[in-house]
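Hi,

Here is the structure I said I would pass on. Have a look at it first, and then read my notes below.

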Amino acid sequence: MNILLLGAPGAGKGTQAKLLQKEYGLQHLAPGDILRDAVKKETELGLQAKNFMDKGNLVPDELIIDMMLKKIESTDGVILDVFPRNIKQAQALTEYLKKIDKKLNYVIKIVVKENEIIRRLSSRRVCPLCGHSYNKVFNPPKVEGLCDVDGEKLIHRKDDTEETIKSRLQVFEDHTRPIIDYYKDSGVYFEVDGEKDFMEVFEDLKSIVIE
Ligand code: AMP
C-alpha cells in the first residue's frame, strides 16, 4: 500500500506518518528529513540543498526526484510525506509508479488554517538526532528542552522562524495547491481536519485507509 500525505508545513504530517508507519508497517519517506540528514552529514546533496532549505524554498526538482524515486524503488509500501510537492514531481512519480506496476492507494490532505500553522511552527522544537518533534505549548517533552526518545537537546529549526514560515506557506500555496487539483479527481483523494487532537486525526486517517 502506498499513501501520499499532503498539507502545509506544520499540519502534522510527520506525526501522523509515524503513527501510520507503526500501524501498517509501511516505510515513512520524508524528503525534508532525508535532506536535513544530508545537510548534517555535509554530503554533496546536502551542500547543494542547504541554501534553498534555509530560505524555505523548494530544492530543485532534479535533485529531489532522483533522490526520492531511488528510495521508493527499495520499499514495499510507503508513506510519502509531501513528495511530490509540485506538478513536475507529481508527473515524475505517476510515470515511475506506472513503470513498476504500482500506484498511490490514498492521497490524503491534512487541513489546518494558516494562523494555526504559524502558532504551531513558531513553538515547534525538534530532535536533531531522531527527528521527533514537540511543541513547547501543547506537546512539550517530559524534560524541558530534551528529547523523550534519546535525551538529545532539542533545537528550533532554522526554517521555523515566523518570516521563513510565511515564505514556506507561500511556497506551499504556489506549488502544492495545484497538485491537489492534479489528484482531486483520481478517486483516491481525501481530506481530514488536522486541527483536531492528533489521535482523533489518526482515527480519521485509519477510517479512510483500508488495508
Ligand atoms: P519539510 O521538512 O517538509 O518542511 O521540508 C523542509 C525543506 O526541505 C523545504 O522547505 C524544502 O526546502 C525541502 N523539501 C522538502 N520536500 C521537498 C520537495 N518535495 N521538493 C523540493 N524541496 C523539498
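To start with something you can check by eye: is the crossing of α4 and α5 left-handed or right-handed? It is right-handed. Before going further, please keep in mind that this is a predicted model.

**The helix pairs**

Staying with that pair, helix α4 covers residues 61–73 and helix α5 covers residues 87–99; their axes come within 10 Å and cross at roughly 30 degrees. That angle makes α4 roughly parallel to α5. On the α4 side the contact is made by D61, E62, I64, I65, L69, I72 and E73, and on the α5 side by K88, Q89, A92, L93, Y96 and L97. Sorted by class, the contact of α4 with α5 has eight nonpolar residues, four charged ones and one polar one.

α5 also packs against helix α7, which runs over residues 162–184; here the axes are 8 Å apart and the angle is about 40 degrees. That makes α5 oblique to α7. The α5 residues in this contact are I87, A90, Q91, L93 and T94, and they meet H175, P178, I179, Y182 and Y183 of α7. If you click on L93, you will find it in the contact of α5 with α4 and also in the contact of α5 with α7. By class, the α5 and α7 contact has seven nonpolar and three polar residues, with no charged ones.

α4 has another partner in α2, and those two pack at an angle of about 105 degrees with their axes 11 Å apart. So α2 is roughly perpendicular to α4. P31, I34 and L35 of α2 make this contact with I64, M67, M68 and K71 of α4. The residues divide into six nonpolar, one charged and no polar.

Next, the strands. Five of them form an open sheet in the order β2-β3-β1-β4-β7, with parallel pairing. Which strands stand at the edges? They are β2 (27–29) and β7 (189–193), each with a single partner strand, so one side of each is left without a neighbour in the sheet. From one strand to the next, the twist averages 20 degrees.

Within the sheet, β1 (residues 2–6) and β3 (residues 78–81) run parallel and are joined by four bridges. L4 stands opposite L80 in β3. Helix α8, residues 198–208, lies across β4 (106–111) and β7, and runs at about 160 degrees to β7.

**Two spots in the loops**

Where is the cis peptide bond? It joins F83 and P84, with omega at about 5 degrees. P84 sits in the loop between β3 and α5. The other spot is E42, in the loop between α2 (31–40) and α3. Phi of E42 is near 55 degrees, a positive value in a residue other than glycine.

**What the record says**

UniProt, in an unreviewed entry, places the feature "binding site" at R36, N57, L58, V59, Q89, R157 and R168. These positions span 133 residues in sequence and the farthest two C-alpha atoms are 25.1 Å apart, so they do not all gather at one spot. One of them, L58, is found in the loop between α3 (44–55) and α4.

Cheers

Key: Residues are numbered from 1 along each chain as its sequence is written. This is a predicted model: local features need pLDDT of at least 70, side-chain atom pairs count only at pLDDT 80 or more; totals for chains, interfaces and linings use all residues. Side-chain values use heavy atoms; hydrogens and water are left out. Axes are lines fitted to C-alpha atoms, for helices over the stretch in contact, and angles run from 0 to 180 degrees between N-to-C directions. Angles under 35 degrees count as roughly parallel, over 145 as roughly antiparallel, 65 to 115 as roughly perpendicular and the rest as oblique. A crossing is left-handed if the near helix is turned anticlockwise from the far one by less than a right angle, and right-handed if clockwise. Contact means heavy atoms within 4.5 Å. Ala, Val, Leu, Ile, Met, Phe, Trp, Tyr, Cys and Pro count as nonpolar, Asp, Glu, Lys and Arg as charged, and the others, Gly among them, as polar. Two strands pair if DSSP finds at least two bridges between them. UniProt positions are given in the numbering used here, feature names are shortened, and annotations may be inferred rather than shown by experiment.
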